[in-house]
Amino acid sequence: MPLGGGYTNRVAWIDLTGGQIEYKPIAEEDARKYIGARGLGVKYVFDNGPQVDPLSPENILCFMNGPLTGTDVNLSGRMAVCTKSPLTGTVTDSHHGGWSAARLKWAGFDGLVFKGKADKPVYAYVENGQVTLHDASDLWGKHVHETIKILQERHGGAKDLSVITIGPAGENLVKFGCWMNENDRASGRGGTGCVGGSKHLKAIVIKGKHADRPKPADKEAFKAAQKVALAQLTDERFITSPRKGGLSVYGTNSLMNDTNAIGALPTRNGQEAAFGDDAETLSGEWVKANILVNDPTCHACPVACKKEVDVKEGPWKVHMESVEYEPAWSLGAMCGNPDANAVAWMIDRANDWGYDAIEIGVVLAMYMEYSQRGYANGDGLAWGDTHGMAEVMRKIAFREGIGDILAEGTGKAAKKLGHPEFAMACKDQAIPAYDPRGIKGMGLGYATSNRGACHLRGYTPAAEVVGNVLNSTGKTDPLAWEGKGNLVMIFQNVHTFTDCLDVCKFTTFAESLDSFAAQFAAITGTPCTAGDLLTVGERVYNLERHYNNLNGFREGSDTLPKRFLEEPSTMPGSVGQVCELDKMLVEYYEKRGWVNGVVPEAKLKELEII
Ligand code: SF4
């Protein structure tokens, strides 16, 4: 497969120990099998050896573009950060939007792969197909927003420039420290920023101009494919429709009232499955009516789902982007906190300290339940204690007092505290904002996610709540467990290939499989069908699973917190429900061709993995 169109066919391999930088093309066979971004990053992590200690110099940290990244394809401003996770011990990938991914492509790269450990803090500067390393000693200890400001001033201002950086959380090896991009866009999950901290890699500065974006291999075919894709995204039946659909008008937080109404909004650490009337003050509707000031977007995106807010006065005065559904839930309902202004302030702090904004809320909620049940010896944290939450958040970033334990993340911290039953986590990563008792497919999705609990591996709420799936408006009963094995597998394969291209997952509400294939073929000049893309999705998902199997994740690893399996929901919409994970797993493993969660050799051969 010749690497034309959207590929620059150049990956920088950077050894932080010795400072050597090599520039290599992508092996054609790897591009054919894994496309790019998540697929190629996971392949590099796999080839580096599954047994590596995540925080050792031997682990690699990959910042990967796909062949559609930074092109004129809609919603193509995505980058995958891939590594072995210090939070879960699995392979992980985490994506951010904004412009840094596009600029990395415009600067001449499909990816940057860091290995080793610098003897003092460094940052990488990327421009015109070259990478240079610079002393970052003066930046170490600085928060995200200040670091970005300093680096913008040092490199000629914000025009055409993106800064990706870690904050104190990553530096202090908080297991859910993340990479932040352009102040507010996070590669949030899995502790990729913690890996950066372990390597003394503080930041990546990228200069790239829009004029240098890759051109499609087949211009006419691209024009036709893009017209179809745009018509699908703007179709008013779909939530992506600019200024009409819920995602565009209210952002991801358009979901808060919906999940609350169906008893699928985990509340007070999942002790309840809805937040009652208090959900309204956290919702996208409330935010729009009270504090919304702008709708920012990412490269090549007419949807503009980001929701910039301004809290003008009071203790939570803040101007920030953006109040998203997941952190509004994690720092809101999950912690028994209905104050949206406080939530906005805390999301901004999470971004500035460099946390995964899902994990930080869930680890606080775990500690709140631990306190509620009397284990904190009169200390601890009460539900909805916003000032207490802010202080514990700060302590975690600097590993002070209880913060040192909570810095290990929800799963590991709960075990250290002697109460793993309070951890709403899978494979030690916190669950996101959907209660598996009210949305059964999501429960199976959490349990079988290769990077620990995650909604984005297979976003079944598109079918179970929204009813917008790949250019159709069919809806699936969220409380039924039958058929969810197949549903989850298909969603996982679809989202895996979009992560390889790399385009925003929200395209999959509206765009058809054929539309993705047509855009890929036109940009790269490689013939492609929907079936080809689904095969790549399946292959990458199996490669990740094989990697995890080699790390000891085998029979019994795909599970959920007991609460969701044994404590029936008491809330309207899902009252009396538990999540029938065992039944769904049987169907799922059969569809996947796995044996109790393990990929057999025959499957690995069938998919050309070995
Ligand atoms: S839909 Fe939202 S997250 Fe996706 S590319 Fe557009 S603005 Fe970015």
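Please note that the model is predicted.

I shall begin with the core. In soluble globular proteins, nonpolar side chains tend to be buried together. Here, the largest nonpolar core holds 192 residues. Those with the most contacts inside it are Leu112, Ile204, Val343, Ala344, Leu364 and Met366. The element that gives the most to this core is helix H13, residues 357-372, with 11 residues.

Three strands form an open sheet in the order E13-E14-E15, with antiparallel pairing. Strand E13 (292-294) and strand E15 (318-321) are the edge strands, each pairing on one side only. Ignoring direction, neighbouring strands of this sheet are turned by 30° against each other on average. Between E13 and strand E14, residues 308-311, the antiparallel pairing runs over two bridges. Within this region, Asn294 stands opposite Glu308 in E14. Helix H12, residues 340-353, packs on the sheet and touches E14 and E15. The direction of H12 makes about 65° with that of E15.

Finally, I come to helix H2, residues 37-47. Nine of its 11 residues are buried, so H2 is largely enclosed by the rest of the structure. The buried residues of H2 include the glycines Gly39 and Gly41, as well as Arg38, Lys43 and Tyr44. Just after H2, Gly49 takes a positive phi of about 105°.

Key: Residues are numbered from 1 along each chain as its sequence is written. This is a predicted model: local features need pLDDT of at least 70, side-chain atom pairs count only at pLDDT 80 or more; totals for chains, interfaces and linings use all residues. A nonpolar core is a set of buried Ala, Val, Leu, Ile, Met, Phe, Trp, Tyr and Cys residues joined through C-beta atoms within 7 Å. A residue is buried if 20 or more other C-beta atoms lie within 10 Å of its own, exposed if 12 or fewer, and partly exposed in between; C-beta atoms are placed from the backbone. Helices (H or I, at least four residues) and strands (E, at least two) are DSSP runs, numbered from the N terminus. Two strands pair if DSSP finds at least two bridges between them. Axes are lines fitted to C-alpha atoms, for helices over the stretch in contact, and angles run from 0 to 180 degrees between N-to-C directions. Two residues are in contact if their C-beta atoms, placed from the backbone, lie within 7 Å.
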